[in-house]
Amino acid sequence: MSESSSEIVFDGIDDVVDRFVEVWDAGGYEEDAASPVGWETWKWDYQRHLEAEFLADTEVTELSQSDVPVLLEVLDEQVSIDTKIPAYMLGGGQNGGVAWHEFKEVSEADVEATADTLSFFFDPTEDLVERLDRFREFYADVEAGSAPGSLLGLGGCLLMFVHPDQYVHYKWTQMRDFFGEFADYKVNQGFDARQYQELNEACAQLLTRLEGRVEDPSMLHVQTMIWSWSDLLAPDAVEPDALPDVADDIDFYWVNQTHDEELDGEYLRSTDTKWQRDLTVLDPGDVVFHYANQEIRACSVVEAEAYQDEFDGEQHFFVDLSTDRLSDPVPLNEIRDGLLDPEVRQEKTRYPLNDAGKVLQAYLCHLTPDAGAFLLDAAGIEPPEPEGETQYFWVNAEATDWHQEGGESFYQVTNSAGETRRNLEAYQEAMPGDQVLIYQIAPVKEIVGRAHVVRGLHEEASTSGNSEPVEGITLQWEKSLDGASWRDVKSDAELDGSRLVESDNSFVITQLTEGEYDRILELCEMTRFDDFASELTVPDSEIAVEQEHLHFPEEEWDRIQSRVEQALANGNHVLLFGPPGTGKTKLARQVCEATVGENKYELVTASADWSTFDTVGGYQTTTQNTLEFGPGVVLDRFQADGDGTPANEWLVIDELNRADIDKAFGSLFSALTGESVTLPFDDTAGDPIEILDASRSHEEIGQNRFFIPEDWRMMATMNTLDKTSLYEMSYAFMRRWAFVPVGIPDLPAREDGDDSALKSLVADYVAVWAANGGVPEADQHYETVGRIWRAVNEQRAIGPAIVEDIYEHVAAAPSTETADYVSPIIMYVFPQLEGLRRNELEQLIGALDEIVDDETGELWTVARDFFQIDLQPGGGE
């Protein structure tokens, strides 16, 4: 547990508390109230909204994944004021908006981790410093992309609205001024969890001072008092209540206007970016006051960011404005004292007036928000509105040289032949500040970036080399996107009927609605199966079929290797069939390990009890006693985790013939033959479980979607003893399989009492077994083992793996006379003889008895009991 440092002691705070209570009781913080403070009761509206829409029905310290998007949506709603509250609480403007936007992005990227983090963060029973540190760690990207302290401010904002009786919102400038004034306490800038704890404990002291003096006191009251303390104590000579309300994200500027053509043309112009004339600091929406001849003559609103253009043969900076000339210009003498008031000037540097009240000789000067509000009031005007609302466009691009932040491109209204392009009205409608999506027509054929219009229709030199200037619009690059393809856009149901889709993207520039623009951006942010193409692809060059620890005669191996490689490359699954012990399962595993890797395949053994629950999946009971869909052994190969990340894990099914194929694979038939399937199950979000074929790789990844990559393969084994099961497979199912026989070698017959060829064959196999470190090379047993193998194969084919078991059992014996051959025959051969007729068994056991010279008669005794047949020596002859 963290420990707070010594208590912060206030000095002279009583006047502020008394004045706050007085103004609060008089309704001074209500909307449209005539008082020295602004409207602040919207905070209570927002807190009630959060309580009603989320907190009342949700345990905020036990958030689930499904709670996160609901919480973000509720927090994101505009309540009472026309700004998203968290962004506004951070100071509005770009900083607040960026921080809030990035907070939502991080939260939506991993809702499970977000739920866990916020549950701990909102738990007042846990240590506050530890909660803040974990909050900071999880939202590190937000802190990196915004101003110092913004993340702590956002954390304090969330805590205050979720627990208004315990936590206060943090904003460095407010806290710095307030605690510096009344506690002689320095507030550091940046994310300092321990200092926030100290500040919050001090604010709790202030909360106790309000108890019994205002109704239902909370940290909302404390934060409001800290926010407005200077206005509460302001002298009567300053009347901030008379000033118009100005949004926090608006900046004010003063321009010494010496050129009337700028006022007439509604623009500003400068030669460079030195601070006296740096137009690049202006943002759309900023307010500019035009001063000339000892008076304020006009007021403008910035329409778009600065751009460069030619003027008198040189490159100059320009900013487009919406300008209103004042019918009654405001003389400098009437506003000088107000602008110099310390509460208005606020020690602002590069201010338009120096200490003596003289106008600074600079083209562009900064004003404080209070100075801007003062001038608006003095002029008796509301700030002029920018011309029109933001519009949205789709632009087809070829060149990529301007696709970088700040890069610009001129789109002229004529083509290379000098003909006016179709859809001319889109060029005419485009205005500075309008938003643009850039679609690269080749080679990627997808959305590659976001831009905005910096200049509406104007003339420039033709990009096609003509001497005459042409009309067009200029775009400026904002951000690169790895975006949606034309197929994504064209096939999206929400964009069906849009002019873009109906025209089949046949114009260079097409105007979009705001909804269409937002939907295309959503498509750009989707994660699709295509994004994992490299991870899901298995090139033909990586297919590896090697003998490794197996041995086959050379011709036999060449056939097996060629058939398996060709089948896999042709898109078939592979079924290896043959007698027991021929190495089918080991070969299947070796192929998977060498081709996709040891951890990229799964081995399962089929069962007669298998159903679609085992292969496809079905509802399973969770630890919370709820039903949730769980994938079976086949579907589980297509997702790497609970988030639905696509995977390509191959599957080896040993002894496939044991399963009832129709019963086990019924609902997979269509999917395995290249068709998509919707299963009769839903995921936890209520979305149907889908199996998608390879043609749908452009679609969005989801927990409910199992995508079968084009290069996914199954390998299976089947003993020919059970080959009748083959005919239970449907023809549609069999079409996707290549059946590759894995047989046994031809065992040489005894010629003139010579079994040297048989002995040599066994020696070849033993050499491989010994190389794997399993057994010694004991050539005294080769001929006997080979004769046993040949005798068994005359009645029932068995593979070398069973022969290896026999050899391992006897290899340590120094001679055939001392070796125990009877035991491995009973242990490994007898189980393979089920189904032989009586005479076949008698012939085989007689032959084996002759080879191993079973003096005890155990072979016959055990065989009678094992096969439950009265077997007699010589009976099979």
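Student: Before we start, how are residues numbered, and what pLDDT do local features need?

Tutor: Residues count from 1 along each chain as its sequence is written, and side-chain values use heavy atoms, with hydrogens and water left out. Since this is a predicted model, side-chain atom pairs count only at pLDDT 80 or more, totals for chains, interfaces and linings use all residues, and local features need pLDDT of at least 70.

Student: How many helices and strands are there in the protein chain?

Tutor: Both are DSSP runs numbered from the N terminus: helices are H or I with at least four residues, strands are E with at least two. On that basis the protein chain has 33 helices and 23 strands.

Student: Is the chain compact or spread out, going by its radius of gyration?

Tutor: The radius is taken over C-alpha atoms, and the globule rule is 2.2 Å times the number of residues to the power 0.38. The C-alpha atoms fill a box of roughly 135 × 80 × 45 Å along the principal axes. For 877 residues the rule gives 29 Å, and the radius of gyration is well over that at 41 Å, so the chain is more spread out than a compact globule.

Student: What share of the 877 residues is buried?

Tutor: Buried means under 20% relative accessible area, exposed means over 50%, and partly exposed is in between (1.4 Å probe, protein chains only). By that cut-off, the buried share of the protein chain is 51%.

Student: Which residue forms an edge-to-face aromatic pair with Phe10?

Tutor: Rings of Phe, Tyr and Trp (its six-membered ring) pair if their centres lie within 6.5 Å; planes under 30 degrees apart are stacked, over 60 edge-to-face, and the rest tilted. Here the centres are 6.2 Å apart with 65 degrees between the planes. The pair links distant parts of the chain, 168 residues apart, from the segment before helix 1 (14-25) to helix 10 (residues 172-182).

Student: Which residues does Ser228 contact, leaving aside neighbours within four places in sequence?

Tutor: Ser228 lies in helix 12 (residues 219-232) and counts as buried at 2% relative accessibility. Contact means heavy atoms within 4.5 Å. With those neighbours set aside, Ser228 is in contact with Tyr29 and Val37.

Student: Where is Pro443 found?

Tutor: Have a look at its backbone too: the peptide bond from Ala442 to Pro443 is cis, with omega near 0 degrees. As for its place, Pro443 is in the loop between strand 10 (435-440) and strand 11 (446-461).

Student: Is Asp752 buried or exposed?

Tutor: Asp752 lies in the loop between strand 23 (737-741) and helix 28 (756-771). Its phi is positive, near 55 degrees, in a residue other than glycine. With 84% relative accessibility, Asp752 counts as exposed.
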